[in-house]
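User: Could you take a close look at one part of this model, the open sheet, and explain how its strands are arranged and what lies against them?

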Amino acid sequence: MKKIYSFFTALIILIFILTSPGAAENSNQKVVLQLKWRHQFQFAGYYAAKIKGFYKKYGLEVEIREGGYDISTVDSVINGKAHYGVSNSEILLARLNNKPVVLVAPIFQHSPLVFISRKTKNISTPQDMVGKRIKFTKKSRDIELFTTLTNEGLNFANIIHIEGSIAREDYFDETIDAISAYITNEPYLYESRNIEYNIIRPLNYGIDFYGDCLFTSESEAKKNPQRVKDFKKASLEGWEYALNNKDEIIEYILKELKPAKSKEHLEYEAEKTSHLIMHNLVEIGHLNPGRWEYIGKIFAAHKLVPPDFKLDGFIFNSDPKPDLKRFKVYLLVLALASTIFFFCLITLLFFNRKLQKEINDRKAAEKKLRESEEKFRNIFQQSNEGIILQDFKGNIIDVNASALRIMGFGKNEFITKNIADMVLPEDLSKLKRASIHLRKYGRAMINLKAFKKNGEIIDITSSSAMLIISDRKIIMNVVNDITRRLEYEEKLKFQATILDQIEDMVTVTDTMGNITYINQSESKRTGLERDEAKGSKVTVFEPESENNSADKIIETTLEKGQWHGETLNYDSSGKKIFLFTRAGLISNSEKQPAGVVFISTDMTEIKKAEKELMLKEKQLRQAQKIEAVGTLAGGIAHDFNNLLYIISGNCELILLKADKNLQKYIVRIIQATERGADLVKRLLAFSRKTESRLEPVSLNQEIVRIKKMIDRVLPKMIEVRLILESREKYIKADQGQIEQILINLCLNAKDVMPEGGTLIIQTQFIEYTNENQLPFSSRKSILHGNYMLLSVEDSGSGMDNSTLERIFDPFFTTKSIGRGTGLGLSVIYGIVQSHNGYIECESIKDKGTRFYILLPVTEERPVIPEDKKDTGELVKGTGTILIADDEKNISLLTRKMLENLGYKVITADNGEMAVEEFKKNSNKIDLVILDIGMPGMGGKKAIEELLKINPWAKIIVASGYSAEGQIKDTLSLGAKNYIVKPYSQSELSKTVKTVLDLR
């Protein structure tokens, strides 16, 4: 029997040798390979096949020609300039447009063609290209990029397309926003210069073409099929060698081919090329006819090829139909074989009986095998889980119905694929690691993202194991679509994350009020972990009675579906917090009540803020009232000072000529005007129309000094007690105004203690850093810093709340008519504000009243002033003086005073007249005395005009306001000095003489 088998084996070998198409072929055939670009690692497999003798092994002498933008590999092969060429998926486009090209093998499983853009251009999707300058060719060379943009619905009218060949410098042209590139090449240019970039891959938008395909002409495929097969085998062997010996091939390219790339650049290209070829996962040159069909459909969808295209003849058939020229040889061989067959048949009859028994035994075994296979097949097909059988190269052998349903393919098209065809590129490394684990341990489990037939991306889980079927080791993958499960899990995680991120406290209970869930905010409030809180009863307190109202809320929610209102609760430290709580009904899938969700917002700070806002509104109303009175006071102050000046000035003139009997009465009038002027100053201070003279003052010393004064005023039955800060601290204050505050508060205290009592004046130094340090209700608005706290406390009759709210109102008083104007506390309020301080009052009816005044501390020390007393001496002089005042009486009075002092005087009734007079007599006029409150052209404008005529003009400003008020602005314009009404003749003489003596 063995001899017969050996004989038949020899016979078959003889037939194969005689009928082999390559038997008659010539060796050492010269062929030309046209590359699509210049020499680089992209074509390493062909270089390796040549230098390592793989081509020579098959009798081929190969010339490898460089390519470039001006060389079309398709045209070169069709026109006979080259036998073979390398190009991208444009060869299918050429074939379907009637160009006779034939695919030999795709080398790159994924196309390297991409768009690249500097990150600063903010282009990361095709849609970002609208309105931008994009450089690529619409020709077949960049067909994947053109198809991607069209597939994404981009209108080429909406982008600035730059057609043409691309040079290296284009990638650094700032005027180009995005440009076509090879992922194996151009990113290195950016990385070597530390330029950040974005990549747009057609693969991510459903355009997954092959790259760098080896092809030939239809003529070559038909005439020399064996040579095509040999060239393919040698090239693929070359690629296998090149990818396993990258450094050797890179050295060859650098030394022999002299590329325009550095060694580092070629190493980068080699690594990226290896990823695209995927030689560790699939055989080099692996192709899927269905994928080419898919690429053709994309071309047809974009009207690049006819819709009824056929792929017939596009893929090289390595087993063509027999050559009719050899038909006679076949007949001869067949006749010889028939003769031998009949001879053998006689011999075989001898063994028939022996074989029959073996056949019967084999049939019984086959029956059992069929039954076993049928059982396996039923399990295989009826399984709810997808089952995919594959070999160790990833080629799919068989699939069940569930796997087809999951992936959306028909069986015939599914078993033509490789596992790697359906996995996202970024998960290929996972697949490789799982394969290694499987070979080592016999089992592996992995989660992957996979493509369905319609392009949808799904998440699958695959459990793999090795099986032996018919002495053949295969891999069985049990797969399940877990997309919805992962989406649901992500949704739950997202919802839980949201609940934990919100500040509101969330508690979920069953219908009996037992807690089933709390979020992170509620956990922080209670100090309990979620597991600790589960099962305990929910507590919700009423804000007024503080009774637990959880049962009532749940009852209302179960009845009406919702509840909301203010509640009260406690944090983990026992601190009371105010909440606004909403309760909502939770229903199960049968729409039956399943529980209640409580959502509580912490309103504690809001309630505090509302109280503070009410206080601020109260303070604002107080400030507005004082501002109104201040405006009134400020408005009349100027005119009142003018009247006082007329009275006092005329009295001074009369005093010069009056006899001794009249002089004492005139002096009294002058003294009264001085007290009136002082009153006006106080009104201006109250109205804040003048700035306080703030100087370093010891508050303690002022209190001790003023106590001597108030001891004379207060009745003996009122005890005055001082409790003063032991440390000497200073405040910046107006000494007279501090005196006014203390005297007013003490006199007010006297009025509320007619039967006697205690008056306590206390000071305290406070380094304010904590709100609890101050007794002020508005302490949040007080800036941190160092302060002196002054408190004045009496044991008098106190005030009710309605009176307390109005004490700082102007003209409000509880005193009887004739005993007070109601301005005292309003003035104090204004003084404290002008000192950048704070004032508050607290009072209890029949218990007493306490005022708190907070004043900032200064590091400055008091300066002892020089004792300068006005002797009343008149200083005379000469010259011409222009007086400008809209009040005739003031002009006449001032003129008389100046003439008495020896000066010549010119008067003007307003600013316009003053400017005209100064123009006429600018050479004569030595000095101008100008009132700033004139109608028409005011004092400020008049000063500007006078200084335009003569920039060195000497001007004195006169006003009923103080120097710190409106006069300060005019001095900055160029006035030399000021004088405040009412002023004496002595003061006027000295001021005039001082200014005239200026140079």
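**The sheet and its surroundings**

Analyst: In this predicted model, helix α2, which spans residues 44-51, lies across β1, β2, β3, β4 and β10 (211-217), and α2 runs at about 145° to β2. These five strands form an open sheet in the order β2-β1-β3-β10-β4, with mixed pairing. The edge strands are β2 (60-65) and β4 (101-108), each of which pairs on one side only, and from one strand to the next the twist averages 25°.

Strands of a sheet pair through backbone hydrogen bonds, in either a parallel or an antiparallel sense. Strand β1 (residues 29-34) pairs with strand β3 (residues 84-87) in the parallel sense, over two bridges, and here Q34 stands opposite G85 of β3. Strands β3 and β10, by contrast, run antiparallel and are joined by four bridges, with C213 in β10 as the bridge partner of S87. Strand β10 also pairs with β4, again in the antiparallel sense, over six bridges, and V102 stands opposite T216 in β10. Seven of the seven residues of β10 are buried, so this strand is largely enclosed by the rest of the structure.

Leaving aside its neighbours within four places in sequence, T73 is in contact with Q34, L35, K36, V86, S87, E90 and F215. T73 counts as buried because its relative accessible area is 3%, where the cut-off for buried is under 20%.

How values were computed: Residues are numbered from 1 along each chain as its sequence is written. This is a predicted model: local features need pLDDT of at least 70, side-chain atom pairs count only at pLDDT 80 or more; totals for chains, interfaces and linings use all residues. Side-chain values use heavy atoms; hydrogens and water are left out. Two strands pair if DSSP finds at least two bridges between them. Axes are lines fitted to C-alpha atoms, for helices over the stretch in contact, and angles run from 0 to 180 degrees between N-to-C directions. Contact means heavy atoms within 4.5 Å. Buried means under 20% relative accessible area, exposed over 50%, partly exposed in between (1.4 Å probe, protein chains only).
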